[in-house]
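Thanks for asking me to look this one over. My notes are below, as numbered points you can read alongside the model.

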Amino acid sequence: MIGFLALLLSLQLVGEIIVRALGLPLPGPVVGMLLLFMGLVIRGQTPKELNQLATGLLQHLSLLFVPAGVGVMSYLAVIKTHWAPLLITIVGSTLLAIVVTALTLRLLTRKTLDHD
Amino acid sequence: MTDLFEVWVYLAEQPLLWLTVTLISYVLAHALFRYSGEFALLNPVLVAVTLLVAVLLLTETTYSQYFAGAQFVHFLLGPATVALAVPLYAQAHQLRRLWLPLGVALTVGALSAIISAFLLGVGLGLEHEMVMSLLSKSATTPVAMGVAERVGGIPPLTAVFVILTGITGAIAGLPLLKLIGERDAGTKGFAMGVASHGIATATAFQHSDRAGAYAGLGMGLNAALTAILVPTLLWLLTFF
């Protein structure tokens, strides 16, 4: 288990190094995710302990966003002044993006399935 | 009374206090979510954050004092993001067949998120800096902040908008997708990940591993695409 935790951290570290060295507009952990994915494709299967560790970390992924979320408190004044336009923009745009993405994917996968 | 105050002063300076309060708030928020029959508005992130902000304001604790403790939780976001490759790999057999539909849906979804934020923000009379801070809101925090800085937004404000976007998608995503009759867990997850990054990905995982895997994929891909699209779209806008 500890070995795989070290692996996750190492891939994150390598991700950070790649991002900085190449000036990529991506977060290091996302590059680390791609590296791990490629590693799993090459290996052909997920080690059992890695699977357990990933499940453990991702089961309460919500918790990990709480400290960043509390950062909202530093901007309460700005939000209070512009709350209505901000709320409409953020909620409206997010809901639209969800619907548009889902409908596009549904339309296209239906077509693929029809050709099968 | 003085003794108690001294205990408080000691505790307030230790990371242990705010780390513990963060975990307790989340445990309470999660229990409330469960007891309510997983009522979407009682999203655990939203409830835990509200609870913590209230406690911090009441105790006159600053965010940096709080973060000194909470950073240990925050730190795990990095390895957890890397770990998203594991559920994603479990869907690898399907991804090979679906890369084109996923790519198109990602592009259309990312464009609709950015353009609608621009039009709504400008239309509702928000200041230029605010609008620029809103454009990258669907991307994960580090990317969104980097983009905001590049296009003349306010990065810390963008971080707030990113969180609010995530909570919106986490709360409304599944009910909305049900409303439009979406049945496929992969499509649900992908749409939530593209529009509302990691916070909605966390909710997608509560729905199913398949939804979570696709949400993680949508989040990762949209991080890259938003970084390219926002500056490009603004550049195109200069021709009009």
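This is a predicted model: local features need pLDDT of at least 70, side-chain atom pairs count only at pLDDT 80 or more; totals for chains, interfaces and linings use all residues.

**Notes on the model**

1. Let me begin with V151(B), which counts as partly exposed because it has 16 C-beta neighbours inside 10 Å.

2. Where does V151(B) sit? Its place is in helix α9 of chain B, which covers residues 141-151. Leaving aside residues up to four places away in sequence, V151(B) touches M132(B), L135(B), V230(B), P231(B) and L234(B). As for L120(B), it is 31 residues from V151(B) in sequence, and the two C-alpha atoms are 18 Å apart in space.

3. On confidence, chain B averages a pLDDT of 92, and 99% of the residues score at least 70. Within chain B, helix α8 (residues 128-134) has the highest confidence, at 96, while helix α1 (residues 2-12) has the lowest, at a mean of 79. For the complex, the predictor gives an ipTM of 0.91 and a pTM of 0.89.

4. Turning to chain A, how far apart should the ends of helix α1 be? This helix runs over residues 2-22, and at 1.5 Å a residue its 21 residues should span 30 Å. After α1(A) comes G23(A), whose phi is positive, near 65 degrees.

5. Which residues of α1(A) are buried? They are L8(A), L11(A), Q12(A) and G15(A). Looking down the axis of α1(A), you will find these buried residues within an arc of 100 degrees, so they line one face of the helix. As a reminder, an α-helix has 3.6 residues a turn, so residues three or four places apart point the same way.

6. The face of α1(A) turned away from the buried side carries the exposed residues I2(A), G3(A), A6(A), I17(A), R20(A) and A21(A). On the buried side, the cover comes from both chains: it includes α2 (28-43) of chain A together with α5 (77-83) of chain B.

7. For the contact between the chains, 91 residues of chain B meet 63 residues of chain A. By class, the side of chain B that touches chain A has 63 nonpolar, 25 polar and three charged residues.

8. Finally, chain A is divided into domain 1 (1-64) and domain 2 (72-116). The centres of these two domains of chain A, taken over C-alpha atoms, are separated by 27 Å.

Terms used. Residues are numbered from 1 along each chain as its sequence is written. Chains are lettered from A and ligands numbered from 1 in the order in which they are written. Helices (H or I, at least four residues) and strands (E, at least two) are DSSP runs, numbered from the N terminus. The expected span of a helix is 1.5 Å times one less than its number of residues. A residue is buried if 20 or more other C-beta atoms lie within 10 Å of its own, exposed if 12 or fewer, and partly exposed in between; C-beta atoms are placed from the backbone. The arc is that of the directions from the helix axis to the C-beta atoms. Two residues are in contact if their C-beta atoms, placed from the backbone, lie within 7 Å. pLDDT is the predictor's confidence in each residue, from 0 to 100. Domain bounds come from an automatic or database domain assignment. Ala, Val, Leu, Ile, Met, Phe, Trp, Tyr, Cys and Pro count as nonpolar, Asp, Glu, Lys and Arg as charged, and the others, Gly among them, as polar.
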